[in-house]
Amino acid sequence: PTTGAASGVVAPPEAASGVTAPGAMAPIEPPQRTAMSQNRAVVALLEQAHANSDAGKPGAADSALERALRIEPRNPWVWAEIAQVRLAQGRYNQAISLARKSNSFAGNKHLLQAINWQLIGKARAAKGDTDGANQAFQQAADLAQKAQNEPTPGQ
């Protein structure tokens, strides 16, 4: 199952779509928002974006995330959250691009990279790219495995 658009959790599409996630991988849970930034304003904006997204207000979520991005333009979690909103809006190419941008800032944050690859897989599946989606889900599974060995999620 998929949770709120800005939650950072994206599950692979159901088997009926013709896309199968390698190993029936479960959705990847992100860390607490406080682990996403040391800046309290950014954390508050991430929470605001999540609440707005859950309330069906993608424009308000976008606005909060854009403000967070102005404060921390290289924060990979903020880029990932924007990608989640774009995915929920059906703007698949933008979602993929933003998830890749997030990965470019992610360094060795394997949990975040796995979340981004799950999002890329879901966007590719929605576009009808079954092979590309399966490749993305495999990449997500590999990174999720690496993340299990990290001492602090997302750090």
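Q: Let us start with Arg86: is it buried or exposed?
A: Arg86 counts as buried, because its relative accessibility is 9%, and the cut-off for buried is under 20%. Please note that this is a predicted model.

Q: Which residue does Arg86 form a salt bridge with?
A: The partner is Asp62, and the closest N and O atoms of the two are 2.6 Å apart. This pair links distant parts of the chain, with Arg86 in helix H3 and Asp62 in helix H2, 24 residues apart.

Q: And Asp62, buried or exposed?
A: Asp62 is buried as well, because its relative accessible area is 15%.

Q: How many salt bridges does the structure hold?
A: The structure holds one, formed by Arg86 and Asp62.

Q: Turning to Glu72, where is its place?
A: Glu72 is located in the loop that lies between helix H2, residues 58-71, and helix H3, residues 76-88.

Q: What is the nearest side chain of opposite charge to Glu72, and how far away is it?
A: That side chain belongs to Lys109, at 9.5 Å. Glu72 is buried yet has no salt bridge.

Q: Which side chains does the side chain of Glu72 make a polar contact with, then?
A: One is the side chain of Ser37, at 2.9 Å. Another is the side chain of Asn75, at 2.5 Å.

Q: Leaving out residues up to four places away in sequence, what does Glu72 touch?
A: On that basis, Glu72 touches Ser37, Asn39 and Val42.

Q: How far apart are Ala35 and Trp77?
A: The C-alpha atoms of Ala35 and Trp77 are 9.5 Å apart in space, while the two residues are 42 apart in sequence.

Q: Finally, confidence. What pLDDT does the protein chain average?
A: The average is 83, and 79% of the residues score at least 70.

Q: Which stretch has a pLDDT below 50?
A: Residues 1-24 do. Beyond near neighbours in sequence, this stretch has 62 contacts in the model.

Q: Among the elements, which have the lowest and the highest mean pLDDT?
A: Helix H1, residues 40-54, has the lowest at 93, and helix H4, residues 92-105, has the highest at 98.

How values were computed: Residues numbered from 1 in each chain as written. Predicted model: local features only at pLDDT ≥ 70, side-chain atom pairs only at ≥ 80, totals over all residues. Heavy atoms only, no water. Helix = DSSP H or I, 4+ residues; strand = E, 2+ residues; numbered from the N terminus. Buried < 20%, exposed > 50% of the residue type's maximum accessible area, 1.4 Å probe, protein only. Lys, Arg positive; Asp, Glu negative; His and termini not counted. Salt bridge = Lys/Arg side-chain N within 4 Å of Asp/Glu carboxyl O. Polar contact = N/O pair within 3.5 Å; in protein donor to acceptor, adjacent residues only side chain to side chain. Contact = heavy atoms within 4.5 Å. pLDDT = per-residue confidence, 0-100.
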